Amino acid sequence: MAAAKSLTAAEIQIVQHYISKHAYAKRNLMMFALSTYAGMRVGEIAGLVLADVRGEDGLIRAEIDLAAHREIGRAHV
């Protein structure tokens, strides 16, 4: 199977600009960033809850650890 094509820095900026001009821009930019920079899949992003990204102290976590049963669409071997 061929490797997926990665977006160039210029293409990422074009997509970010497009997203920023539409409804729910902050949310959609964050989802795009999680996919682009963290390599998260759509099902993983959709399954996130606030507690996954924010600690009990209210601060943003440095790492997101997803339990295997919450990773939607990933084959489990």
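pLDDT is the predictor's confidence in each residue, on a scale from 0 to 100. This is a predicted model, in which local features need a pLDDT of at least 70 and side-chain atom pairs count only at pLDDT 80 or more, while totals for chains, interfaces and linings use all residues. Residues are numbered from 1 along each chain as its sequence is written, and side-chain values use heavy atoms, with hydrogens and water left out.

**Confidence**
- The protein chain has an average pLDDT of 86, and 87% of its residues score at least 70.
- Confidence is highest in helix H1 (residues 9-20), with a mean of 98, and lowest in helix H4 (residues 50-53), with a mean of 86.

**Architecture**
- The protein chain contains four helices and zero strands, where helices (H or I, at least four residues) and strands (E, at least two) are DSSP runs numbered from the N terminus.
- Read from the N terminus, the order of elements is α-α-α-α.
- Of contacts (heavy atoms within 4.5 Å) between residues at least 6 apart in sequence, 18% join residues at least 24 apart.

**Surface and burial**
- Among the 77 residues of the protein chain, 19% count as buried, meaning under 20% relative accessible area, whereas exposed means over 50% and partly exposed lies in between (1.4 Å probe, protein chains only).
- The protein chain exposes about 6500 Å², of which carbon and sulfur atoms supply 61%; accessible areas come from the Shrake-Rupley method with a 1.4 Å probe, and for residues only the protein chains shown count as cover.

**Lys5**
- Lys5 lies in the segment before H1 and is exposed, because its relative accessible area is 64%.
- The side chain of Lys5 makes a polar contact with the side chain of Glu11 at 3.1 Å; a polar contact is a pair of N or O atoms within 3.5 Å, and within protein one must be able to donate a hydrogen and the other to accept it, with residues adjacent in sequence counting only if both atoms are side-chain atoms.
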